[in-house]
Amino acid sequence: MILLYLFTYFSLFVFIVLVFSKIIKYSSAPVHVRWELYPVAHEKNKYGGSYYEEPKWWKNEIKKSHIAEFWAMFEEIIFLKGVYIHNRKLWYFSFPFHLGLYLIVATFFLIVISVLFDLASLVVLNTDTLFVGILLNNVINIFGYGGLVLTCLGCIGLIFQRATDKKFKFYNSAMDFTNLYFILILGVVVFITLVNSNTGFIESKIFVKNLFTLNFAAINDVSFIIHVILLSLFFLYFPITRMMHLFAKYFTYHKVRWEDEPNVKGGKLEKKIKEALNFGVSWSAPHIQTGKTWAEVATTNPTEEKK
Amino acid sequence: MSDNKMKSVKDFSKIQEQITELDPSEFIKLPPPYDDWVDPPMKELTEDQKNRLEHSLDGFSGIAIPKPETEEEKQELVAKFLSGLKKLLSKEDNWILLQPLLLSMENCVKCQSCSDECPVYIASGKEEIYRPIFRGEILRRIINKYLKPGGKFYHKFSGSDIDLNWETVARLAELSYRCTLCRRCAQACPIGVDNGLISREIRKLMSQELGLAAEELHKSGSMKQLATGSSTGTNPTAMLDIVEFIEEDLKDMTGLDIKMPLDKEDADILLIHNFGEFLSWPENIMAFAIIFEKAGINWTMSSQMGGYDSVNYGLWYDDAQLARVALEHIRIAKELNVNRIVMGECGHAHKALMPVADRILIDENIIPRESAYPILEEIVFSGKIKFDPNKNDFPVTLHDPCNAVRAMGIVKPQRKILRYLCPQFREMVPHGVHNYCCGGGSGFAIMQGKNFPDWRNGLSFRMKFKQILDAFQDKIEPSTYKYVCSPCSNCKGTFRDGLTYYNAFDKAGIIYGGLVELIVNAMVDIEKPFIEWELK
């Protein structure tokens, strides 16, 4: 049994390391040229206008609406607004699928909170009579059961669409189906555990508590053991797939699509640009004149020798 | 039906013959008076061109890639492509767009939310090779298979089973010139993947490593600009002559004796036009001069190398060329000691020098750069010039240049002017930041070689033409003259060729022109109509 626990620790560790290394990879990329796309959510003009609409814009203080940016992100993440507008057929399945996953992730965190409260003697797992405990248990049940139903239904719909719609079929890879089948099978197994021994997610809570307390207690329900193994495998699998878009989306929106910070003399951006201009260039087409820094390449006229 | 031989993405590298034959009867239908329009057959390459040039994508040659003669030559080009691909993913060689590129390459889930946003894909009757994710998917599979660890099994599993050979490289190069870089697809992507950027980065790899680019953009474009001062080849002496001619024409047309300020030091504004305006649409240069002079603006133009052509084709294919041309513009502004650079009616010049070049400028090179649109709005509503909107009482619609609108958010000023000065102004559908590209974006407007113009006029311009016809349906008869306002030189180039291709003036009374021409046409002081009703 200890191997099951060790495997769970291992998978969680690898998951965290891989997710963080991806985040570090994106966040440590050098400054890039502006490549924003309007509408930019934090701009005041909802029709997509920018500060460039003002004469002498560079004399004005540039105001950003963080509330508008938050709301745009909220609509996009929770309701998949982009898919709703541009790909309604997919949205009917993608929305419940994603919403279900969010609920499952929330359930996971609520289970962790329950366990921490239990360890702090604030609640007693699943048998609590205090308001906080009852509330936690009920929310976990609603989120957990609801999330599983939505995820599985969405998953079945997405698999069906991928398998039958020719616009998907042309581009399908084994990984596209594996991602969905993996989640579906995992969902079904969790359902089985809920019917067997995991009513109200009690086994899940106990298992998480055991992980926290290094108590490698035996698990009697085979379906729950399978559930733990599959979930651990999923943690290992997730970071090598395109499901990582969950984390990448922050960067695509905040660091590219909505990134409209002007470069001002003496500012932080200028400092980063100066660093980048000193990178060496090894592109080998003749007009580049390789072997110089970017600053040198940019100030070299490749036609001068011909004059 | 168009004849596409691919059954899956991997066939892109396997099929020996031409991948697809376009069938114009599959293209989207146009509204009246083009409901019975039959497209002429698209021009084929000559036998000689077919023998010499790569054309196995769709039968068109945008960048005239010579066919390698030996197997060694092919292998060398493939090796160069791979080395370029590595550089494209490296911090040093591609800091300029590395983060956006990585995010787009690694996170597309192929949900296809972008597909129906692409005017080329839709207009073609949904030809698979033009689907926005197609070229990105090819590149992604090559990267996964040839540059990432994983082994054979993982490649098959993750869908990276594509072979890298000369045909793949050449087709991918041509394919990057079937996207106008309008970025409507990126706007629609729920994750934020930018397939337009991927096209642009493929072009960059081809140019910066293999030396492959559209001749009109590179050799006869940015290289000519760096050598002579303008992508048109006009040197400073010729530029002065042209300005003189324009001043004379201006006097003939309006009676106004305006001397265009050139190389005036310490002016408030350095106005830089796309030099195409001087040659093809001089009335745009005149109109700017009239408006600025009447409004009492302290402005100048430059007649010095690097200062009179705002064109910056590097934006579309090459970072080094982009930076070099942008720095020339900045150098002139510094020499003249102006307060600010103002971009005339040229969308890509706006984007190149304002937001994009913003991240290559340091120290004294950080000079304010602005669009002419808000300045024109300020002038029109300042009361300094008297207008009679009835002089513009004809149907007008507005085209939104992608680079100034979708990529920079300059949406309202030009609309405010048109709503005030043009009683019959009507919007296209969609409009503003969601408007369609003219079809000539990313250099297509000036790419006139081989059979490419047929592809542009018949296909990539088609969605825009449909929008224009839709906007004018209530007055579509040719006897009612109609005006497509296009405040961008490259877009105007597309309209010139596209409207001529469809004979739109004779069939529907449609012409095109800039924003400033409409402003001057409505001026009380200008007695004769400034707009001439002919398709130039």
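Between chain A and chain B, 58 residue pairs are in polar contact, both partners at pLDDT 80 or more; a polar contact is a pair of N or O atoms within 3.5 Å, where within protein one must be able to donate a hydrogen and the other to accept it, and residues adjacent in sequence count only if both atoms are side-chain atoms. This is a predicted model, with local features needing pLDDT of at least 70 and side-chain atom pairs pLDDT 80 or more, while totals for chains, interfaces and linings use all residues. Residues are numbered from 1 along each chain as written, chains are lettered from A in the order written, and side-chain values use heavy atoms, with hydrogens and water left out.

**Where chain A meets chain B**

- Contact (heavy atoms within 4.5 Å) brings together 87 residues of chain A and 96 residues of chain B.
- About 8,200 Å² is buried between the two chains, 60% of it from carbon and sulfur atoms; buried area is the accessible area (1.4 Å probe) that two parts lose on being put together, summed over both.
- On the chain A side, Trp35(A), Tyr171(A) and Trp283(A) lose the most area to chain B, together 12% of what that side buries.
- You'll also find seven salt bridges between the chains, each a side-chain nitrogen of Lys or Arg within 4 Å of a carboxyl oxygen of Asp or Glu.
- Lys22(A) pairs with Glu106(B) in a salt bridge, with the closest N and O atoms 3.0 Å apart.

**The two domains of chain B**

- Chain B splits into domain 1 (3-212) and domain 2 (222-521), with bounds from an automatic or database domain assignment.
- Taken over C-alpha atoms, the centres of domain 1 and domain 2 of chain B are 30 Å apart.
- Domain 1 puts 49 residues into the contact and domain 2 puts in 48.
- These domains bury about 4,000 Å² between them, 61% of it on carbon and sulfur atoms.
- Three salt bridges cross this interface, and Asp319(B) and Lys204(B) meet in a salt bridge at 2.6 Å, N to O.

**A look at Arg426(B)**

- Arg426(B) sits in strand E8 (residues 425-426) of chain B; strands are DSSP runs of E, at least two residues, numbered from the N terminus.
- Arg426(B) counts as buried because its relative accessibility is 16%, and buried means under 20% relative accessible area (1.4 Å probe, protein chains only).
- The Arg426(B) side chain reaches the backbone oxygen of Gln424(B) at 2.8 Å and makes a polar contact with the side chain of Asp474(B) at 2.9 Å.
- Leaving aside neighbours within four places in sequence, Arg426(B) is in contact with residues including Pro395(B), Leu398(B) and Phe472(B).

Terms used
Helix = DSSP H or I, 4+ residues; strand = E, 2+ residues; numbered from the N terminus. Buried < 20%, exposed > 50% of the residue type's maximum accessible area, 1.4 Å probe, protein only.
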